[in-house]
Amino acid sequence: MDKQELLNIRADFPILSEKIYNKDLIYFDNGATTQKPRAVVEKIEEGYYHLNANIHRGVHYLSQKATEAHEAARITVAEFLKAGKHEEIIFTRGTTEAINLVATSFGEAFCKAGDEVVVSVMEHHSNIVPWQMLCERKGMTLRVIPANEKGELDIEAYKTLLNERTKIVSIAHVSNVLGTINPVAEVIRIAHQKNIPVLVDGAQSVPHIPVNVVELDADFYVFSGHKIYGPTGIGALYGKEKWLNAMPPYQGGGEMIATVTFEKTTYNELPFKFEAGTPEYIGSTALAEALRYVQAIGMDKIAAHEHDLLVYGTERLMEIEGMRIIGTADQKSSVISFLVGNIHPYDIGMLLDKLGIAVRTGHHCAQPLIDSLGIPGTVRASFAFYNTKEEIDVFVTALKRVVTMLE
Ligand code: PLP
């Protein structure tokens with residue numbers, strides 16, 4: 001990405017020109033949520049000002065236009081993930097709701113006492129707790145794939161965890177703490193040898209690397225709109241038709257039914273069976289706009305620029321005495337978690353904030369991972385395609401100052 005292109009991109013994100021405590025904002029908390037380009041915000045405005053009517057219900061003009069926009073958004077999401085059929089895309093509130101949907105609905109259809117679910121040590125709470133809840137409901141066991149000291153999955157240990165009781169494997173494509181890009185194609189291939197389906201948590205991958213759910217052969221793939229420059233409150237679940245058809249609805253209500261009598265209700269077909277109630281139809285169209293925005297730049301170009309930032313940021317951070325980078329996998333996305341000496345991550349984050357720099361501190365909703373590493377948490381800088389090496393320079397200078405103050 002050349003300098004002018006980067007400047008043009010940054011100009012699309014008004015918040016990047018804001019001042020925080022009179023300092024230029026440096027936003028390195030993209031793992032938590034991303035900033036929104038003008039096109040996405042304008043799409044939301046256009047939706048509410050010109051296209052707002054409840055969808056799938058009205059015969060009137062606005063309702064039909066809003067329905068068309070929502071269904072077109074579904075096709076955009078399907079194409080983005082390279083899904084075979086757009087009926088395999090279910091809109092959800094985000095990754096968390098999508099995983100809860102599968103844990104509940106797949107669990108209801110396919111799991112019983114004594115069965116097992118496999119996750120990894122580096123999962124976000126939203127890919128642990130829904131499975132734990134399923135295990136509690138059904139009397140099942142959660143099994144955990146360990147990682148090595150670099151933060152890479154132990155594939156040999158993974159193989160030994162799979163057996164005839166394993167009903168599903170659920171794993172992050174990219175760790176939000178370590179940045180590790182997990183070998184999900186291999187994870188899926190190994191599970192499929194035993195006919196075990198795999199859910200991939202794509203919250204941290206979809207915004208950063210090209211994803212093809214059919215090539216991966218993922219059974220379920222989930223992501224959040226707000227982490228890929230779209231609005232909050234919208235995300236998607238991709239599920240293979242054969243699974244989604246065999247799973248009961250997650251929630252009951254309007255839209256998900258075919259017929260209702262007090263004696264019996266029959267359910268709508270895919271994808272509507274899983275979309276009870278009024279969907280986030282303005283959000284879905286704005287999410288589609290966000291996907292078009294990143295596609296116009298190109299996912300390969302985004303991945304290459306962010307990789308440059310990762311390499312440069314890692315090099316520059318290593319200049320600091322006492323620097324310890326948590327997560328040094330060979331395949332990494334643009335996330336750098338670190339600790340400096342014995343300084344508490346929270347103190348670093350607080351002081352960086354005063355210098356206009358937004359980073360994340362704490363356990364990053366991955367408490368079991370942080371506990372397994374025996375650390376209090378980390379400081380996390382997570383980069384997006386609109387970040388620059390110059391911002392990294394300012395960040396490293398600020399961090400050096402902060403470390404001197406805290407040592
Ligand atoms: N999974 C991973 C790997 C994440 O990083 C996150 C959010 O940080 C989530 C799941 C949850 O996403 P959301 O809160 O958008 O549902």
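Modeller: Let's start with a pair of residues: Phe-338 has Val-379 of strand 17 standing opposite. Before going on, please note that this is a predicted model, in which local features need pLDDT of at least 70 and side-chain atom pairs count only at pLDDT 80 or more, while totals for chains, interfaces and linings use all residues. Residues are numbered from 1 along each chain as its sequence is written, and side-chain values use heavy atoms, with hydrogens and water left out.

Strand 14 (residues 335-340) and strand 17 (residues 378-382) run antiparallel, paired over four bridges. Strands here are DSSP runs (E, at least two residues), helices are H or I runs of at least four, and both are numbered from the N terminus; two strands pair if DSSP finds at least two bridges between them. The open sheet is made of four strands, in the order 13-14-17-16, with antiparallel pairing. Strand 13 (323-326) and strand 16 (360-362) are its edge strands, each pairing on one side only. From one strand to the next, the twist averages 30 degrees (axes are lines fitted to C-alpha atoms, for helices over the stretch in contact, and angles run from 0 to 180 degrees between N-to-C directions). Helix 11 (residues 299-317) lies across strand 13 and strand 14, at about 10 degrees to strand 14.

Now for the wider setting. The domain assignment, which is automatic or from a database, gives domain 1 (3-30 + 298-406) and domain 2 (41-295). Their centres, taken over C-alpha atoms, are 28 Å apart. The contact between them (heavy atoms within 4.5 Å) takes 35 residues from domain 1 and 27 residues from domain 2.

Another open sheet has seven strands, in the order 4-10-9-8-7-5-6, with mixed pairing. Strand 4 (89-92) and strand 6 (141-145) stand at its edges with a single partner strand each, so one side of each has no neighbour in the sheet. Ignoring direction, neighbouring strands of this sheet are turned by 20 degrees against each other on average. Helix 4 packs on this sheet, touching strand 4, strand 7 (166-172), strand 8 (198-201), strand 9 (220-224) and strand 10 (235-239), and its direction makes about 155 degrees with that of strand 9. Strand 5 (residues 116-120) pairs with strand 6 in the parallel sense over five bridges, and Val-119 has Val-144 of strand 6 as its bridge partner.

Finally, the largest pocket has a volume of about 410 Å³. Of the 25 residues lining the largest pocket, Ala-32, Thr-96, His-124, His-226 and Lys-227 are the closest to its centre. A pocket is an open set of points on a 1 Å grid over the protein atoms alone, where a 1.4 Å probe fits, with protein on both sides within 12 Å along at least five of seven lines; lining residues have an atom within 4 Å of a point. Points are joined across faces, edges and corners, and the volume is the space filled by probe spheres set on them. Helix 4 (residues 95-110) gives the most to the lining of the largest pocket, three residues. Domain 1 and domain 2 both give residues to that lining, so the largest pocket lies between them.
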